[in-house]
Amino acid sequence: MLPSAQTVVEVLESVTVDDLVIAACRHLKEAGYLIALDDFTVEDPREPLTDLADIIKVDLRRTSMAEAAELVKRYGPWRSRMLAEKVETREEFVAARKAGFLYFQGYFFRKPETLTAREIPANRLNYIRMLQVVSRPELDVREIEDVIKSEASLCYRLLRYMNSAAFGFGNEIHSVRHALAILGEREVRRWVRLVATLGAGQNKSSELVLSALVRARFCELLSPKIQHGDSDLFLMGLLSLMDAILETPMDRVLESVPLDHESKAVLLGGASRLRPLYQLMLARESGEWEHAAELGKQLRLSESEVAESHWQAMQWARQMNAGA
C-alpha cells in the first residue's frame with residue numbers, strides 16, 4: 001500500500017548527502033512522500049536535495065533574518081514551501097511573513113502576548129455566546145438560529161458555505177433554519193465553533209487563528225486512537241488559544257463555556273488525563289520532534305500517525321480559513 005501524500009520524511013542537518021541519500025529521497029518522493037529539509041542554512045551541504053524538497057525549514061535562532069530572506073528568494077515559493085522555525089516574537093513573525101515564509105512554528109503561536117484584560121471585549125462576546133450554545137449537551141436549534149441571525153457576517157458565511165460546490169444542492173438554500181436542518185447536529189457544532197473562532201480572531205494575526213484550527217483538527221483526528229472519555233478534543237484544541245485571540249485570561253474564557261472537567265483542567269495548566277495529548281499538540285507545533293516522539297509512545301501512537309494527522313490538520317485549517 002502506498003503512503004498518503006501527507007506523509008513527511010524529514011532529512012536532518014546531521015545527514016551526509018551522497019548518491020545513496022539522493023537516490024533514497026528520490027525513491028521516497030516517487031512513492032508519494034513529501035521531503036522536508038530540517039534546519040536549513042546558508043551554504044547548507046544538503047543543497048543537492050533542494051530540487052527534491054517539498055518543505056525547507058529555517059531556524060530563526062541560527063539564521064539571521066537577512067539570510068532567511070535570501071533563502072526564501074533562492075528556494076521558494078515556486079520550488080519549495082518555506083517554513084520559519086522558532087518564531088518567538090510578533091516582530092519575528094511579521095518579518096518572516098514579509099520575507100515570504102509560508103509556514104511558521106514557534107513559541108509566539110503558543111503564548112503570543114501577555115494578557116492583562118479581565119473582561120472579554122464587548123464586540124467579541126457574541127462569539128463566546130456561540131460557543132456556549134453549541135457546547136451544551138442538548139442543542140436548541142432556535143437559540144442557535146437566533147445567535148447566527150444576530151451576527152450578519154455569520155449568517156452570510158453559513159449560507160455561502162451551504163450553497164458552495166461542496167454540497168451541490170439543486171435548490172439554493174436561503175434560510176438559516178433550512179441550513180441547520182441539513183447540516184445535522186455534529187456539523188452544526190463544528191461549523192459554529194469554526195466560524196466563531198474566525199470571527200473572534202478577525203483583528204488578530206491570521207496565523208494565530210490558523211494555529212487554533214490546526215490544534216482542534218489535530219486533536220480530533222487522534223481522538224479515535226486514544227482514551228479521552230467524554231472530552232470533546234476538537235473543542236479543547238480550539239479553546240487552547242482562545243485566551244490570546246480574545247485578549248482575556250483563560251480562566252475568564254472558560255467561565256463562559258460549558259466544558260468537561262478534564263479539558264478545563266488541562267487548559268488551566270492542572271492535572272488531567274489529557275495532558276500527554278495537549279503536550280503532544282504543542283510539541284508538534286513547535287517542532288520539538290524528540291519530545292513529540294516520546295509523548296506519542298506514551299499514547300501508543302506511531303510517529304507516522306502523529307505526523308500525518310498534523311499535516312492533514314494543517315491542510316484542513318488552511319482550507320477552512322480560506323473558505324468558511
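Q: Which residues line the second largest pocket?
A: The lining consists of R186, R189, R190, R193, E220, S223, H228, S231, D232, L233 and F234. This is a predicted model, in which local features need pLDDT of at least 70 and side-chain atom pairs count only at pLDDT 80 or more, while totals for chains, interfaces and linings use all residues. Residues are numbered from 1 along each chain as its sequence is written, and side-chain values use heavy atoms, with hydrogens and water left out.

Q: What makes a space a pocket, and what makes it a cavity?
A: Both are sets of points on a 1 Å grid over the protein atoms alone. In a cavity a 1.4 Å probe fits but cannot get out, whereas a pocket is an open set with protein on both sides within 12 Å along at least five of seven lines. A residue counts as lining if it has an atom within 4 Å of a point.

Q: What volume does the second largest pocket have, and which element gives the most to its lining?
A: The second largest pocket holds about 200 Å³, where a volume is the space filled by probe spheres set on the points, and points are joined across faces, edges and corners. Helix α8 gives the most to its lining, with 4 residues. Helices (H or I, at least four residues) and strands (E, at least two) are DSSP runs, numbered from the N terminus.

Q: How do the lining residues of the second largest pocket divide by type?
A: There are 2 nonpolar, 3 polar and 6 charged residues. Asp, Glu, Lys and Arg count as charged; Ala, Val, Leu, Ile, Met, Phe, Trp, Tyr, Cys and Pro count as nonpolar; the others, Gly among them, count as polar.

Q: Why is R189 called buried?
A: Buried means under 20% relative accessible area, exposed over 50%, and partly exposed in between (1.4 Å probe, protein chains only). R189 has 13%, so R189 is buried. R189 belongs to helix α8 (residues 185-200). Not counting residues up to four places away in sequence, R189 touches V134, S135, R136, P137, E138 and L139, where contact means heavy atoms within 4.5 Å.

Q: Why does S231 count as buried?
A: The relative accessible area of S231 is 5%, so S231 is buried. S231 sits in the loop between α9 and α10. Its contacts, leaving aside neighbours within four places in sequence, are D260, E262, S263 and L274.

Q: Why is K86 called partly exposed, and R300 exposed?
A: K86 has 37% relative accessibility and therefore counts as partly exposed. R300 has 78% and therefore counts as exposed. K86 lies in the loop between β4 (81-85) and α3 (90-99), and R300 in the loop between α15 and α16. K86 is not a glycine, yet its phi is positive, at about 60 degrees. Phi of R300, also a residue other than glycine, is positive and near 60 degrees.

Q: What makes a set of residues a nonpolar core?
A: The set must be made of buried Ala, Val, Leu, Ile, Met, Phe, Trp, Tyr and Cys residues joined through side-chain atoms within 4.5 Å. The largest such core has 73 residues, and those with the most contacts inside it are L239, L267 and L280. Helix α9 (residues 206-222) supplies the largest share of this core, 11 residues. Apart from it lies another core of 26 residues, among them V11, I35, M82 and A84.

Q: How many cavities of 30 Å³ or more are there, and which residues are closest to the centre of the largest?
A: The count is 2. The largest cavity has a volume of about 220 Å³. Of its 16 lining residues, F104, S211, V214, H310 and M314 are the closest to its centre. The largest share of this lining, 6 residues, comes from α9.

Q: What volume does the largest pocket have?
A: The largest pocket has a volume of about 520 Å³. It is lined by 26 residues, of which V8, E10, R284, W289 and A307 are the closest to its centre.

Q: How do you know which part of the model to read with caution?
A: pLDDT is the predictor's confidence in each residue, from 0 to 100. Over residues 1-5 pLDDT stays under 50. Where pLDDT is low, the predicted coordinates should not be read in detail. The chain averages a pLDDT of 80, and 82% of the residues score at least 70.
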